[in-house]
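Hi everyone, thanks for making time for this.

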Amino acid sequence: MSRPSPLAWYCCGCQRDVKARLTDGREVYPRREDLFSLPFWKCDGCGNHVGCHHKTKDRTRPLGNIPTKELRNARQHIHRVLDPIWQSGKMPRGKVYAKLAEQLGLKEYHTAEIKTVEEARRVYAVVKTLAT
């Protein structure tokens, strides 16, 4: 894996922009051999990490900011409710995200940009209303 220079990215654990280091799944998930070859950006200050858009041309582009473990779990919980809305055909994916952004008072919405657990709770409450 080529090693580009460190990337300045927001770390939710450190609550500031940090120089993240590109690494791989062997370091981040040493017990998950299936993830060894995947790229991750890691904050050496707190040890948190974020995955990458590894299935695209820019395979080392971070999926979002660097979450804490608690925030990563909260984001996954949001997706467990959010994704079935568009996957079921109830509403097109773009419309789901546009409606969510509108209700949150944002121009656009992306789960990977959530920076706090409190923000995740607010998003989850709105997502639950879309799911009903």
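Predicted model: local features only at pLDDT ≥ 70, side-chain atom pairs only at ≥ 80, totals over all residues.

Okay, the overview. The protein chain has four helices and four strands. If you read along the sequence, the pattern goes β-β-α-β-β-α-α-α. The C-alpha trace spans about 45 × 30 × 25 Å along its principal axes. There are 132 residues in the protein chain, and buried ones make up 40% of them.

Now to strand E3, residues 39-42. Which strands does E3 pair with? On one hand there's strand E2, residues 16-24, which runs antiparallel to E3 and is joined to it by four bridges. Leu 22 is the residue that stands opposite Trp 41 of E3. On the other hand there's strand E4, residues 49-51, and here the pairing with E3 is again antiparallel, over three bridges. In that pairing, Phe 40 has Gly 51 in E4 as its bridge partner. And here's the hairpin I promised: E3 and E4 form it, with six residues between them. Look for Gly 47 in the turn, which has a positive phi of about 90°.

What about the side chains? In a regular strand, they alternate between the two faces of the sheet. In E3, Pro 39 and Trp 41 are on one side, while Phe 40 and Lys 42 are on the other. Are these four buried or exposed? They are all buried, so both faces of E3 are covered.

Let's stay with Phe 40 for a moment. Its relative accessible area is 8%, and since buried means under 20%, Phe 40 counts as buried. Tyr 29 is partly exposed, by the way, at 27% relative accessibility.

Rings come up again with charged side chains. Arg 93 lies over the face of Trp 86, at 4.6 Å from the ring centre. Lys 115 has its charged end over the ring of Tyr 10, 4.2 Å from the centre of that ring.

On to the helices. Two packed helices are described by the angle between their axes and the distance between the axes. For helix H2 (residues 69-87) and helix H3 (residues 93-104), the angle is about 130° and the axes are 8 Å apart. That makes H2 oblique to H3, and their crossing is right-handed. H3 also packs with helix H4, residues 117-131, at an angle of about 125° and with the axes 10 Å apart. H3 and H4 are therefore oblique to each other, and this crossing is right-handed too.

One last stop, in helix H4: Arg 121. Arg 121 is exposed, with a relative accessible area of 53%. How far is Arg 121 from Arg 75 in space? C-alpha to C-alpha, they are 9.5 Å apart, although 46 residues separate them in sequence.

Definitions and conventions:
Residues numbered from 1 in each chain as written. Heavy atoms only, no water. Buried < 20%, exposed > 50% of the residue type's maximum accessible area, 1.4 Å probe, protein only. Helix = DSSP H or I, 4+ residues; strand = E, 2+ residues; numbered from the N terminus. Pairing = 2+ DSSP bridges. Lys NZ or Arg CZ within 6 Å of the ring centre and 35° of its normal. Axes fitted to C-alpha atoms, helices over the stretch in contact; angles between N-to-C directions. Parallel < 35°, antiparallel > 145°, perpendicular 65-115°, else oblique. Left-handed = near helix turned anticlockwise from the far one by under 90°.
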